[in-house]
Amino acid sequence: MSDERTPLNRFWAEFRENKIGLVALVVVVVTILLALFASIISPQDPYDLAKLSLMDSRRPPGFVGSGGYTHLLGTDPQGRDLLSAIFYGLRISIQIGLAAGLVSLTIGTALGITAAYVGGRIEALIMRLIDLQLSFPAILLALVIVALLGQGKVQLISALVAAQYAYFARTAYGAAKAERGKDYIEAALATPLSGRLVVMRHLLPNCMPPLIVVATVQIANSISLEATLSFLGLGLPVTEPSLGMLIANGFPYMMSGRYWISVYPGISLIILIVAINVVGDQVRDQFNPRLRK
Amino acid sequence: MNIFLHIDNISHIFKANLTAGERIAAKLGAKVETRSVRAVSDVTLSVRKGETLGLVGESGCGKSTLGRVIAGILLPTTGKVAIDGAPVMENRHKVTTRVQTVFQDPFASLDPRMKVGDIVSEGPIAHGLTTKPEARKYVARWFERVGLDPVWVDRYPHQFSGGQRQRIAIARALAMQPDVLICDEPVASLDVSIQAQIINLFLELTRDLELTCVFISHDLSVVQHVSDRVAVMYLGRIVELGPVAQVFGKPAHPYTAALFGSVPKLVLDADELVQFNSIEGEVPSPLSPPSGCYYHPRCPLATALCGTSQPVSQKVSDLRTVACHHYKKQLAEVLSD
Amino acid sequence: MIEPILSVKNLTTHFFTRAGVVKAVDGVSFDLAKGEIMGLVGESGSGKTVTGFSLLGLVDAPGRIVKGSVKLNGTELTTLSGNELRSRRGREISMIFQDPISTLNPMLTIGQQMKLAIDAHEPLSVRASEARATELLTQVGIPSAKARLRTYPHEFSGGMRQRVAIAIALLHRPAVIVADEPTTALDVSIQAQILFQMRDLARETGTAMIWISHDLAVVSSLASKLAVMYAGRIVEEGRTATLLRAPRHPYTAGLIASLPAAAKPGTPLTQIPGITPSLLSMPPGCPFAPRCDRVTGRCEAEPEMTLQNSRGWRCFHPIGQLAEAPV
């Protein structure tokens, strides 16, 4: 008898061995923690308009403001402490990224697996719809939907879901079609077991690996897309400073030497997205050799 | 004859499943395969209770397709299958649990993400043969029956060897308490020494549980060993059917004779250690079978009649049939060897 | 004594995996004479395929040949550089693989593939390559060979594809061909045709062959001598007829006895109990001991190969000798 560990244990043991993936995972976890405890660790609440003072605006890093504490990363044009704004911004990015990712995952997987399992005209219909969807640039689609629905968290998440569910659907479809032909599915159906049971108990769990990979990448994409929309002023309202908006605010000042307003939010955004992508790559690579065996 | 499993005039055609694009391309003259495959043609078989029927043939002969039809996995284009009078499929669905299947590849037929105990208990729980709280004991009993340690119910398929996985597959089939067992090349993927173990297990279980079996294999020596009667298939048709000793000893169909003759046999006490002959030509593509008798292009006994007229199954003796215009000549030839 | 064309001594190939060292081939030695066909028999995990790969230097990381020597025509292969080995592979020693589908490049016609193979060692003009390719395809039994040069692999049946693979292997008139289960994936009747063909070809061209298989009957129809492998070692070797009629090693005897053809229909087959050992964690001593009915305390030590006139066995209690009293 070989290899006594459960599939999850084996996965984690292999994951641990790659140092870069591990570092990236740590970065992601730290970011999530920072975001979760943003309200506790931030020196200032950037949403509380009463606390802001225009006297503190556009100050460089290290400036001691009217609140009596040091602004480690400087302040933005509204007088917000940049460090606090970044923490809150990360929280928004992660909230929206996760929400959009998970909803897209659910909708996309349901569509893809249905198409693969049912086959026939329904399969053709769903997959043509997905193909159509995929031919639109995500950002264009998101812009249109935000223009239609207006601004706000729910509207933004809906736009992101609409732009992304197709990737999940396509991946789920491919995986489900491949698994559908395998003996263990045929054996389950031959018992006979109901289609519903076979899909939920056998097909779905075995389609998860590629979907998890797509999910990590798409969460990073959602974060990036949300930042883009906010940068263009079409994301969340001004009172909830997402990282994109912070970058946009600092843009006019880039040439006059007040770099920190755009650069620091920009760097944190990049670090988060890259870290998620690296973890996603690592997960994808790990699923592959196993499949080849 | 006391018929338990009746396979009535089964034919199955795999139609070319073309997408809209392919259909247009075909009309424009591109090389798209539009022909359909007659995987199984006009097969009628009866199996007695407790009997093991071997199904042999080379690739493309339709034995696997026929196996899946009998198991209720595939709805045939025409014909029906009945166990003890009750139909296996109705309204395009399998409506009985009395027939179960053991598949060829033990690596692919077990869900890699489920514990083996759950794999075996899933069917019985769904069909009321046991309950969730009782499942563990139920599975443990079947594990013991197939020679596995009941402690292993919580393990995953990848932790077992090929032979052990096949035992799990057998346990899964038997846990449904079937009357009929379809075995589709159950030992083909196993090592020779493990094959012997699984074959012995199969013989023991089918005897103890009085199972009626259809044993599909390309390995003639295995089929000869486990079957009571054997059916030989060629391009979707049954060319010969009868008791194993008779068909193997005195084949009535030229294909049967050629096929059996082409397998290298170790005959340790003869002068020539390994005996076999080679057959001419190759099995034609099932997309375009020959006219008349499918075997006539390769048959040493073929006449003009064979090229135009498809032979029907004729009775050679009580339990034996053959589909050949010149079977009497074939039998005579074998006797004179 | 004629110099053997291929001389393998103590070939050892290990795989250094994350889970540990897999001793796939553990000290294999044999000689192959010119024009001789040798059968390498064993089940999965016996090391027969890795042995074949090792002879051609095709073992990929994490595996490598750890020690031992492979002398082809007097040249030591294990110490050659990549380029030197490549110049010999296909020319002096070539290989036929099990799966005819993956051996041939689906994007090239048969003619193109054979030209590539010809050009790899001795480039010929287009006309000359075509002539050579046609000659070989005809030799392996492909009808209308010249026309077939323009067909793609998918237009061929499995048996035909394997014949093409054999033709490619013969292109440069190698001294040795290693065939790894070449007929296992083929139908019985095609297998029979190819076996007959290989027998004739070996005789005509004088090429020596190592036929790797798990099927005793198939390999015995061709090979004049057999080597039985178990757990990375050769446990018995000798002339085919003698070995099969009077096996000395209990594993060989068990294999022969467990064939369905050896028993009366419907009766239980003789089975070798247990399963093949994991090559990762082999207990000391004879690897077959856990499954052997002749085992004694002596078997805790590793048996050496006992050689007697081209007959060899690796066992303390060979059949034909009374089982000795336990030590």
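Colleague: Which residues of β10(B) are buried on one side, and which on the other?

Modeller: In a regular strand the side chains alternate between the two faces of the sheet. In this predicted model, B:T212, B:V214 and B:I216 lie on one side of β10(B) and B:C213, B:F215 and B:S217 on the other, and all are buried. A residue is called buried if 20 or more other C-beta atoms lie within 10 Å of its own, exposed if 12 or fewer, and partly exposed in between, with C-beta atoms placed from the backbone. Strand β10 of chain B covers residues 212-217, where strands (E, at least two residues) and helices (H or I, at least four) are DSSP runs numbered from the N terminus.

Colleague: Before we go on, how are residues and chains labelled, and what limits apply to a predicted model?

Modeller: Residues are numbered from 1 along each chain as its sequence is written, while chains are lettered from A and ligands numbered from 1 in the order in which they are written. Because this is a predicted model, local features need pLDDT of at least 70 and side-chain atom pairs count only at pLDDT 80 or more, whereas totals for chains, interfaces and linings use all residues.

Colleague: Which strands does β10(B) pair with, and how many bridges join them?

Modeller: Strands of a sheet pair through backbone hydrogen bonds, either parallel or antiparallel. Two strands are taken to pair if DSSP finds at least two bridges between them. Here β3 of chain B (residues 52-56) runs parallel to β10(B) and is joined to it by five bridges, with B:T52 having B:C213 as its bridge partner. Strand β9 of chain B (residues 180-184) is also parallel to β10(B), again through five bridges, and B:C183 stands opposite B:F215.

Colleague: What is the order of strands in the open sheet of chain C, and which strands stand at its edges?

Modeller: That sheet has four strands in the order β2-β1-β4-β5, with antiparallel pairing. The edges are β2 (20-32) and β5 (75-76) of chain C, each of which has a single partner strand, so one side of each is left without a neighbour in the sheet. Strand β1 of chain C (residues 6-17) pairs with β2(C) over nine bridges in the antiparallel sense, and C:S7 has C:D31 as its bridge partner in β2(C).

Colleague: Which residues have the most contacts inside the largest nonpolar core?

Modeller: A nonpolar core is a set of buried Ala, Val, Leu, Ile, Met, Phe, Trp, Tyr and Cys residues joined through C-beta atoms within 7 Å. The largest one has 265 residues, and those with the most contacts inside it are B:V239, C:V176, C:I210 and C:W211. Helix α4 of chain A (residues 82-118) gives the most to this core, with 17 residues.

Colleague: How many residues of chain B are in contact with chain C?

Modeller: Two residues are in contact if their C-beta atoms, placed from the backbone, lie within 7 Å. By that rule, 33 residues of chain B are in contact with 36 residues of chain C, and the largest share of the side of chain B that touches chain C, seven residues, comes from α6(B).

Colleague: Where in chain C does pLDDT stay under 50?

Modeller: pLDDT is the predictor's confidence in each residue, from 0 to 100. It stays under 50 over residues 323-327 of chain C, although chain C averages a pLDDT of 89 and 98% of its residues score at least 70.
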